[in-house]
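This report describes a protein fold, its helix packing and its charged contacts. The structure is shown first.

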Amino acid sequence: MRADKIKVIDEVWDDERINSFLTKESLGDEPEDFSRLLHAYRSMRLDDFRIFLERFKAQGGDIRATSKSGETLMDIIKNHRQSANFLALLKA
């Protein structure tokens, strides 16, 4: 870890913070739904990601949204060492 980075433990993920990911702007020129999913996956713990996905789907978000190169979030994370539980949520 870089000297200027502080390790954050037990971050607070309240409803407001989780909901803020539902309106995040796209990363670069990626499609909105894909970008929001990727950002949430990169930022959230499993339980917070579960809540995010429920709300994301309830507002009409597409969990199978693709990147500009045609990959879904599942395609990208399937080989990540600790992604099994996240994949299960996306497949549910």
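## Overall architecture

The model is predicted. Its secondary structure comprises 5 helices and 0 strands, and the order of elements from the N terminus is α-α-α-α-α.

The protein has 92 residues, of which 34% count as buried. Among contacts between residues at least 6 apart in sequence, 55% join residues that are at least 24 apart.

## Packing of α2 against α3

Helix α2 spans residues 32-43 and helix α3 spans residues 46-58; the two pack at an angle of about 165°, and their axes are 10 Å apart. This angle makes α2 roughly antiparallel to α3, because angles over 145 degrees are assigned to that class. The crossing in which α2 passes α3 is right-handed.

On the α2 side, the contact is made by Asp-33, Arg-36, Leu-37, Ala-40 and Tyr-41, while α3 contributes Phe-49, Phe-52, Leu-53 and Phe-56. Sorted by class, the contact of α2 with α3 has 7 nonpolar residues, no polar residues and 2 charged residues.

## Packing of α3 against α5

Helix α3 also packs against helix α5 (residues 84-91), here at an angle of about 15° and with the axes 10 Å apart. The helices α3 and α5 are therefore roughly parallel to each other, because angles under 35 degrees are classed in that way. The crossing of α3 and α5 is right-handed.

The residues that form this contact are Leu-46, Phe-49, Arg-50 and Leu-53 of α3, together with Asn-85, Phe-86, Leu-89 and Leu-90 of α5. The contact of α3 with α5 divides into 6 nonpolar residues, 1 polar residue and 1 charged residue. Phe-49 and Leu-53 are listed for α3 in the contact with α2 and again in the contact with α5.

## Salt bridges between separate parts of the chain

Side chains of opposite charge can pair when their charged atoms come close. The structure holds 5 salt bridges. One of these joins the side chains of Arg-55 and Asp-15, with an N to O distance of 2.7 Å. The pair links distant parts of the chain, as Arg-55 is in helix α3 and Asp-15 is in helix α1 (residues 15-20), 40 residues apart. Arg-55 is partly exposed at a relative accessible area of 25%, and Asp-15 is partly exposed at 46%.

Another salt bridge is formed by Asp-29 and Lys-68, whose closest N and O atoms are 2.6 Å apart. Asp-29 lies in the loop between α1 and α2, and Lys-68 lies in the loop between α3 and α4 (73-77), so this pair ties together parts that are 39 residues apart in sequence. Both Asp-29 and Lys-68 are exposed.

Asp-47 and Arg-50 are separated by about one helical turn, because they are 3 residues apart in helix α3.

Arg-50 is partly exposed, with a relative accessible area of 33%.

Asp-48 is located in helix α3. Is this residue, at 7% relative accessibility, buried or exposed? Asp-48 counts as buried, because the limit for that class is under 20% relative accessible area. Leaving aside neighbours within four places in sequence, Asp-48 is in contact with Trp-13 and Ile-18. The C-alpha atoms of Asp-48 and Arg-17 are separated by 9.8 Å, and these two residues are 31 residues apart along the chain.

Glu-11 lies in the segment before α1 and counts as partly exposed, at 32% relative accessibility. Not counting residues up to four places away in sequence, Glu-11 touches Arg-17 and Arg-45. The C-alpha atoms of Glu-11 and Met-44 are separated by 9.6 Å, and these residues are 33 residues apart along the chain.

Terms used. Residues are numbered from 1 along each chain as its sequence is written. This is a predicted model: local features need pLDDT of at least 70, side-chain atom pairs count only at pLDDT 80 or more; totals for chains, interfaces and linings use all residues. Side-chain values use heavy atoms; hydrogens and water are left out. Axes are lines fitted to C-alpha atoms, for helices over the stretch in contact, and angles run from 0 to 180 degrees between N-to-C directions. Helices (H or I, at least four residues) and strands (E, at least two) are DSSP runs, numbered from the N terminus. Angles under 35 degrees count as roughly parallel, over 145 as roughly antiparallel, 65 to 115 as roughly perpendicular and the rest as oblique. A crossing is left-handed if the near helix is turned anticlockwise from the far one by less than a right angle, and right-handed if clockwise. Contact means heavy atoms within 4.5 Å. Ala, Val, Leu, Ile, Met, Phe, Trp, Tyr, Cys and Pro count as nonpolar, Asp, Glu, Lys and Arg as charged, and the others, Gly among them, as polar. A salt bridge is a side-chain nitrogen of Lys or Arg within 4 Å of a carboxyl oxygen of Asp or Glu. Buried means under 20% relative accessible area, exposed over 50%, partly exposed in between (1.4 Å probe, protein chains only).
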